[in-house]
Amino acid sequence: MLKAVKALFQRDRRFLFGFIVIAVLFVGAVLAGFSPHDPRLWNVVPRDLPPSSKYWLGTNSMGQDVFWQALWAIRNSLVMGAIAVISSRIIAVAVGLLAGYRGGLMDRLLMTVTDSFVILPLLPILILITSIFKSRLSVTSLGIVLGIFGWAWDARVIRSQVLSLREREFTYTAVLSGMSTGKIIFREYMPYIFPLITATAMNNMLWAMGMEVTLAVLGLVSLEIPTLGTMIHWAVNSQAMLLGFWWWILTPVVLCVFIFLALYLLSLSINEFLDPRIRVQRLQGIKG
Amino acid sequence: MAFLKRYLLPRIVQYLVVIFIGGTLIFIIPRLMPVDPVQQTLERITIQGAFLDPRAIEQIREALLELYGLKGSLTEQYITMWRRLLRGDFGPSYVQFPTPVMTLIRISLPWTVGLLVTTTVLSWIVGNILGGIAAYYSTRRWAQLMENIAMLIRPIPYYIIALALLLLLAYALPVFPVTGGFSIGRRFVLSWDLIVDILKHAFLPALSLVIVGIATWFMTMRLLVSNLLAEDYIVYAQIAGVQDGEILYNYAIRNAMLPQITGLTLSLGQIFGGALITETVFSYPGLGTLLYSSINTGDYNLMMGITLLSVVAIATGVLLMDLIYPFLDPRIRYE
């Protein structure tokens with residue numbers, strides 16, 4: 001595992017960029033804990049000040065320090081994304097393993113349900129859910145809701161991997177030598193499945209955080225919790241652009257661009273790393 | 001017959017399951033609501049100051065229960081919902097009472113369909129062609145430039161791109177009208193002017209959709225084609241001296257087309273959810289705006305109607321796709 005990460009660092013500048021951005025933001029998210037103000041309170045600093053040495057990113061019309069607000073937003077968005085990723089990974093791995101390993105009727109049943117979730121238009125359904133629970137949705141519960149809906153495609157990926165693993169010789173050896181199913185799955189299969197889990201996790205995080213921004217922009221999440229989405233929502237709805245408070249609107253937008261780009265590049269580069277065919281081509285491309 | 005049973009039957013079952021799951025979700029979700037919509041509406045009426053005697057309140061409550069489909073036990077409500085749906089009746093809108101939800105949807109639908117079908121198909125065609133070419137000539141500088149641009153646009157939330165375009169081309173350089181689907185006060189008499197007006201208003205939303213669409217299709221197509229280029233038959237064709245253009249169009253792009261066609265159906269099906277963000281940002285009078293206003297006014301019937309319609313539309317799209325797929329992919333036909 002460590003070796004793989006090291007190889008990625010050396011070979012792929014995109015991985016390096018993505019990793020550094022995420023690492024910096026992660027540090028920022030931790031630093032949010034040292035914020036001098038409660039991010040939910042209004043009027044803790046003078047309003048509408050441009051960036052200065054005292055307020056690094058200025059202040060907004062609600063009397064909040066944009067810099068600390070942004071750190072909180074990163075923290076909450078990342079936590080929300082992580083919860084969504086973890087909960088959807090649990091469902092995806094369980095469904096994928098069960099369907100792939102058991103096969104037969106179980107496989108057909110589970111895959112029919114999975115395919116339905118792939119096809120279902122999630123945005124309107126999520127809108128229905130969030131518009132009902134709106135202010136009751138905390139960062140955690142929003143993450144879980146997104147997790148419940150975001151697992152389907154990845155379950156399919158994991159299933160097809162398990163399906164091919166099941167036909168491999170070492171599975172027969174393990175079964176015939178009396179290894180228990182649990183052991184086969186965790187000892188023998190996990191090393192193959194784990195990279196898939198990581199690669200799909202990046203995409204899922206991207207999706208979950210993008211969905212949060214969309215829902216927040218529409219005003220469908222609890223608006224007093226600072227996230228990237230709610231920051232944009234407040235700035236846009238308070239006419240920050242027309243009033244010329246560029247630091248207020250630009251901060252979350254630029255952060256969004258960086259986070260999404262970083263996650264996307266990470267997922268691209270991990271996927272390529274896992275798919276030797278693409279890797280070979282890239283090397284040829286560099287040579288040519 | 002065997003083909004019918006092996007290929008067609010599972011797909012029709014899948015179709016029904018999707019609609020069943022979608023419908024059930026949409027049935028359950030509002031019932032998880034901690035507040036009682038009937039009670040809420042009644043409170044709204046009494047707060048407005050009217051004094052009603054208890055019997056009138058009871059009558060109103062009955063009427064509201066009926067209207068919201070909340071009458072009887074859960075099972076009865078569930079059956080009522082499906083019966084209504086099969087008739088294509090989503091009930092009346094709560095806010096614009098008593099206009100049926102279906103009528104509201106029918107007014108907005110043409111706007112959305114017009115805008116999204118055009119942009120989806122256009123960006124699909126352009127994105128696929130560019131993606132194929134860029135993958136084939138992946139070592140050239142212009143191909144790498146195109147890839148980098150697409151890579152930059154692709155992960156950015158669509159909302160931010162739309163916002164940037166709006167700021168740039170409507171506020172900063174006022175080339176295009178800021179909002180709406182047509183000039184205010186214009187009468188709908190078919191004329192050249194009207195068409196120009198509608199097109200002009202649709203341009204910015206269309207542009208934002210096309211930019212994002214092209215980037216997305218470009219990236220997937222590039223990946224697909226560059227995977228195909230490593231296949232033996234392509235290498236053989238190159239060694240045999242088949243011309244580049246022919247290899248690209250007849251060997252690579254044609255094969256990469258199949259998953260892309262599936263993708264196109266899926267995204268065409270998404271249309272019925274309305275390009276929510278596009279329409280909200282540009283105040284375009286389509287399904288998305290309708291959905292947005294239903295969110296803001298708490299018009300659950302309308303929200304459920306649009307959601308269900310998009311479930312049915314997307315499932316139907318996928319089914320239709322599955323039905324024509326054997327004509328496109330000979331491997332399925334002869335298997």
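**Exercise 1. Work out how helix 4 of chain A packs on helix 7 of chain A.**

*Solution.* Start with the residues: T114(A), F117(A) and V118(A) of helix 4 of chain A meet A152(A), W153(A), A155(A) and R156(A) of helix 7 of chain A. Here, contact asks that the C-beta atoms of two residues, placed from the backbone, lie within 7 Å. Helices are DSSP runs (H or I, at least four residues), strands are E runs of at least two, and both are numbered from the N terminus.

A word on the source: this is a predicted model, where local features need pLDDT of at least 70 and side-chain atom pairs count only at pLDDT 80 or more, while totals for chains, interfaces and linings use all residues. Residues are numbered from 1 along each chain as its sequence is written, and chains are lettered from A and ligands numbered from 1 in the order in which they are written.

Nonpolar covers Ala, Val, Leu, Ile, Met, Phe, Trp, Tyr, Cys and Pro; charged covers Asp, Glu, Lys and Arg; the others, Gly among them, are polar.

Now the geometry. The axes of helix 4 and helix 7 of chain A are 8 Å apart, and the packing angle is about 135 degrees. Axes are lines fitted to C-alpha atoms, for helices over the stretch in contact, with angles from 0 to 180 degrees between N-to-C directions. The two helices are therefore oblique to each other; angles under 35 degrees would be roughly parallel, over 145 roughly antiparallel, 65 to 115 roughly perpendicular, and the rest are oblique. Finally, their crossing is left-handed, that is, the near helix is turned anticlockwise from the far one by less than a right angle (clockwise would be right-handed).

**Exercise 2. Describe how helix 3 of chain A passes helix 7 of chain A.**

*Solution.* Helix 3 of chain A covers residues 66-102, and its axis comes within 7 Å of that of helix 7 of chain A, crossing at roughly 35 degrees. The crossing is right-handed. On the helix 3 side of chain A the contact residues include I91(A), V95(A) and Y101(A), and on the helix 7 side they include I158(A), V162(A) and R166(A). By class, this contact has eleven nonpolar, three polar and three charged residues.

**Exercise 3. Compare the span of helix 9 of chain A with that of a straight helix.**

*Solution.* Helix 9 of chain A runs over residues 181-217, and a straight helix of 37 residues would span 54 Å. The expected span is 1.5 Å times one less than the number of residues. Between its end C-alpha atoms, helix 9 of chain A spans only 47 Å. Now look along this helix: a kink of about 65 degrees lies at M190(A), shortly before the proline P191(A). The bend is the angle between axes fitted to the seven residues ending at a residue and the seven starting there. Just after helix 9 of chain A, G219(A) has a positive phi of about 75 degrees.

**Exercise 4. Which elements of chain A give two or more residues to the side that touches chain B?**

*Solution.* First count: the contact takes 34 residues from chain A and 39 from chain B. The elements are helix 4, helix 5, helix 9, helix 11 and helix 12 of chain A. Helix 5 of chain A gives the most, with eight residues. By class, this side of chain A has 24 nonpolar, eight polar and two charged residues.
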